[in-house]
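Please open the structure in a viewer and keep the selection tool at hand.

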Amino acid sequence: MNTNTLSRLFGKFAAHEFPAWFQRIVNMVYVRIFKIDLTEFAPLESYPSLNALFTRTFKVPRTIESNPKAIISPSDSLITEVGVVTQDSALQIKGMAYSVSELLIKDMPNVKSDNTTEGFGFVNLYLSPSDYHHYHTPCDLDIVEARYFGGELLPVNMSSLRKNQNLFVRNERVVLVANTVEPEPKRIYFVAVGALNVGKMVFHFEPRIQTNAAPNATAIYTYSTPIRLQKGDEIGYFQMGSTIVLIAQDICFDVHIGQKVRFGEKIAMLDSRQV
């Protein structure tokens, strides 16, 4: 059984609402296995399915870094790699590079090549099964295009990153092509990467994106009037843990490998050039 089929089956199980007494046990086991802290969320008996627990929302909104030039973490996650795009290469993990142009455009007909990403900063943010699963805008931005790439659903945890070449390029993903708003427009890519047991990736602004449907499918949605989102706005969510890759122009990310970051915290400054 391939990982796409397994993920679809798990997605059906996670979406099923069992009798309340049994669902509470399922939720309790999941919370204990993954050591989930529900301090900011409703208690475990509040969730009628595992999906509801996966996609839990805050009881009280999270505080967001107020500096208008600050790039914030789009999610609660672990920094697995950070650096600079060099000769079209970025790292999925130390010693294992992939082609950025393949990540952003691979096999998509009738899409002109993006301007070079040479010198852009990149950061990989891994959302574990215990993390808050929603993702948000890292800054004020205008979304000009959304690209969907079907693909495999390999795990994106550390062991899988070490053994699977070109994992981000091989896996299902959605690439949001956007421009920052302040202090002047700069290109930024928000890449949501699918993974094993991710039943779905949801994008509130684009309901036509249907993930985990056909491994080789591609689709592109272009917005003649860009979709303006404010820093901290919710873009969507994963149904289970996965990875977000940010690739941005004139950005030097102020984080380090192995660091845990929380949605709303500053991870870079706009217009901070590499030195």
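A residue is called buried when its relative accessible area is under 20%, exposed when that area is over 50%, and partly exposed in between. At 1%, C139 therefore falls in the buried class. The model on the screen is a predicted one.

**The whole protein**

Begin with the complete chain in a cartoon view. The protein contains 6 helices and 15 strands. It has 275 residues, and 54% of them count as buried. The accessible surface amounts to about 12400 Å², with 54% of that area belonging to carbon and sulfur atoms. For contacts between residues at least 6 apart in sequence, 76% join residues that are at least 24 apart.

Select C139, then C252. C139 is buried, since its relative accessible area is 1%. C252 has a relative accessibility of 34%, so it counts as partly exposed. A search for disulfides in the structure gives 0.

**The largest pocket**

Which residues lie closest to the centre of the largest pocket? The pocket itself holds about 240 Å³ of space. It is lined by 16 residues, and those closest to its centre are D37, D76, S130, D131 and R262. Sorted by class, the lining consists of 9 charged, 4 nonpolar and 3 polar residues.

**F263**

Next, select F263, in the loop that runs between β14 (260–261) and β15 (266–269). Is F263 buried or exposed? Its relative accessibility is 4%, and therefore F263 counts as buried. Leaving out residues up to four places away in sequence, F263 touches F58, R62, T63, I64, I72, S73, P74, S75, D76, Y132, H136 and G232. D76, one of these partners, is also among the residues closest to the centre of the largest pocket.

**Q259**

Move to Q259, which is found in the loop between β13 (243–248) and β14. With a relative accessibility of 21%, Q259 counts as partly exposed; the buried class requires a value under 20%. Apart from neighbours within four places in sequence, Q259 is in contact with S77, L78 and I79. A distance label may also be drawn from Q259 to L125: the two are 134 residues apart in sequence, and their C-alpha atoms are 9.7 Å apart.

**The loop between β2 and β3**

Now select Q87 and D88. Both belong to the loop between β2 and β3, where β2 spans 77–84 and β3 spans 89–93. Colouring by accessibility separates the pair. Q87 is exposed because its relative accessible area is 70%. D88, at 27% relative accessibility, counts as partly exposed.

L50 lies in helix α3, which covers residues 50–54. The relative accessibility of L50 is 5%, so L50 counts as buried. Which residues does L50 touch, not counting those up to four places away in sequence? They are F13, A14, Q23, V26, N27 and Y30. One of these partners, N27, is 23 residues from L50 in sequence and 6.6 Å from it in space, C-alpha to C-alpha.

H16 lies in the loop between α1 (3–15) and α2 (20–34). At 42% relative accessibility, H16 counts as partly exposed. Not counting residues up to four places away in sequence, H16 touches Q23, P48 and S49. To finish, label the distance between H16 and L50: they are 34 residues apart in sequence and 7.7 Å apart in space, C-alpha to C-alpha.

Terms used
Residues are numbered from 1 along each chain as its sequence is written. This is a predicted model: local features need pLDDT of at least 70, side-chain atom pairs count only at pLDDT 80 or more; totals for chains, interfaces and linings use all residues. Side-chain values use heavy atoms; hydrogens and water are left out. Helices (H or I, at least four residues) and strands (E, at least two) are DSSP runs, numbered from the N terminus. Buried means under 20% relative accessible area, exposed over 50%, partly exposed in between (1.4 Å probe, protein chains only). Contact means heavy atoms within 4.5 Å. Accessible areas come from the Shrake-Rupley method with a 1.4 Å probe; for residues, only the protein chains shown count as cover. On a 1 Å grid over the protein atoms alone, a cavity is a set of points where a 1.4 Å probe fits but cannot get out, and a pocket is an open set with protein on both sides within 12 Å along at least five of seven lines; lining residues have an atom within 4 Å of a point. Grid points are joined across faces, edges and corners, and a volume is the space filled by probe spheres set on the points. Ala, Val, Leu, Ile, Met, Phe, Trp, Tyr, Cys and Pro count as nonpolar, Asp, Glu, Lys and Arg as charged, and the others, Gly among them, as polar. A disulfide is a pair of cysteine sulfur atoms within 2.5 Å.
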